[in-house]
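Reader: I have a model open and a few things to ask about it. Can we go through them one at a time?

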Amino acid sequence: MRAVTYDSYAGPESHELRDIPIPEPGEGQVRIRVTAAGLNPWDWHIYRGDPWLARVSFGLRSPGQRVVGADAAGEVDALGPGVEGLAVGDRVFGFLGFGGCADFAVAEASKIARTPAGATDEEAAAVPIAAVTALGGFADGGGCEGRSVLVIGASGGVGHLAVQIARVLGARRVVAVCSGANAAMVSLLGADRVIDYTRENVLDCGEVFDVVYDTVGTTRLTRLKRIIASDGVYLAAGGLGGGPLLGPAWAIFSAKAASPFARRRVVVVGTEPTTEHLSRVAAWIEEGCVRPVIAGAYPLERTAEAFARLEAQHVAGKLVVQVA
Ligand SMILES: NC(=O)c1ccc[n+]([C@@H]2O[C@H](COP(=O)([O-])OP(=O)(O)OC[C@H]3O[C@@H](n4cnc5c(N)ncnc54)[C@H](OP(=O)(O)O)[C@@H]3O)[C@@H](O)[C@H]2O)c1
């Protein structure tokens, strides 16, 4: 089968489309005939081994996993021992961790769900990490019902779904921070107000929020606290930059460390997609209340180009790779 592979920690220019053996599903796993893969910062942090912290989990000297693509959608092609409730031919989507940019991939049955009716496989593949990171963060932070929510990084893969999920979860008001170029898209997704960070400092917005969901992490909590209610919560989901050792984890760790000084509750967002989470998001997609925005769809042969674009960190919505 075809697969986008790499042999050492490096950028997407080192990726190669190769023929490799079709994987076999193990206990509790299914094999998926992949039609689309969704791209996430998760992928590039791992294939680059950047930050170094990633290498502790994924291989100190060289990567243990060598096929890119954490999220995917397609059709169940084979069942491993012990899998119940799924059958060959079912349309599914979910989190694989690795291996999605290939004709076939193996997933834990507990991390996939049925593809929502009416959604394309590209849309489904765009959802798992991003939507569950948004949903899990809000859930851990005490929900959104009747609360005012600020989403920083609202045009990105996680942020554009966080805006919509905050609405679905009953937020009273949703304010979004992104660049002016993406403001119209974020308004259409349900934001009551959009702050263009290139022209306005969010600290001067004149509002105080119950929930601040931050995927960017460039404003210190000790400064942000003035726009977070004293009984509010700061959800630390990610960060730009952060250096070669910790990368995005730096912003998250520093927010957690600053929590007692800022006297604001900090929740570190780190949710792995499960069937239950994915099914919840799938139901919202079916009802039409959540819609992943596909900023670009690339054929498998052009996966490296798609990753180079993602690494620039200004994609409005999600990038996907069309495999089939
Ligand atoms: N905790 C977890 O479990 C988890 C899971 C998934 C992702 N993450 C992390 O969350 C972060 C976002 O992920 P993503 O998938 O949404 O990434 P993405 O799709 O690449 O989005 C990047 C976002 O950053 C914004 N941005 C870029 N430069 C900026 C700047 N100078 N100032 C303010 N905003 C800027 C972009 O907005 P504009 O284009 O409008 O400028 C865009 O909204 C990453 O750090 C990722 O590692 C964490």
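Reader: Start with Gly-97. Leaving aside neighbours within four places in sequence, what is Gly-97 in contact with?

Author: Gly-97 is in contact with Trp-42, Gly-69 and Ala-70, once neighbours within four places in sequence are left aside. Contact means heavy atoms within 4.5 Å. This is a predicted model, where local features need pLDDT of at least 70, side-chain atom pairs count only at pLDDT 80 or more, and totals for chains, interfaces and linings use all residues. Residues are numbered from 1 along each chain as its sequence is written, and side-chain values use heavy atoms, with hydrogens and water left out.

Reader: Where does Gly-97 sit? Buried or exposed?

Author: Gly-97 is in the loop between strand S5 (91-95) and strand S6 (104-108). Its relative accessibility is 3%, so Gly-97 counts as buried. Buried is under 20% relative accessible area, exposed over 50%, and partly exposed in between, with a 1.4 Å probe and protein chains only. Helices (H or I, at least four residues) and strands (E, at least two) are DSSP runs, numbered from the N terminus.

Reader: New topic, the sheet. What is the strand order?

Author: The order is S10-S9-S8-S11-S12-S13, an open sheet of 6 strands with parallel pairing. Two strands pair if DSSP finds at least two bridges between them.

Reader: Which strands are the edges?

Author: Strand S10 (193-196) and strand S13 (265-268), each of which pairs on one side only. Neighbouring strands of this sheet are turned by 20° against each other on average, direction ignored.

Reader: How many bridges between S11 and S12?

Author: Strand S11 (residues 209-214) and strand S12 (residues 228-236) pair over 5 bridges, in the parallel sense. Phe-209 has Ile-228 in S12 as its bridge partner.

Reader: Which strands does helix H5 lie across?

Author: Helix H5 (residues 157-168) lies across strand S8 (148-152), strand S9 (173-178) and S11, and runs at about 170° to S9. Axes are lines fitted to C-alpha atoms, for helices over the stretch in contact, and angles run from 0 to 180 degrees between N-to-C directions. Helix H9 (residues 248-262) lies across S12 and S13, at about 150° to S13.

Reader: Last one, cysteines. How many disulfides?

Author: The structure holds 0 disulfides. A disulfide here is a pair of cysteine sulfur atoms within 2.5 Å.
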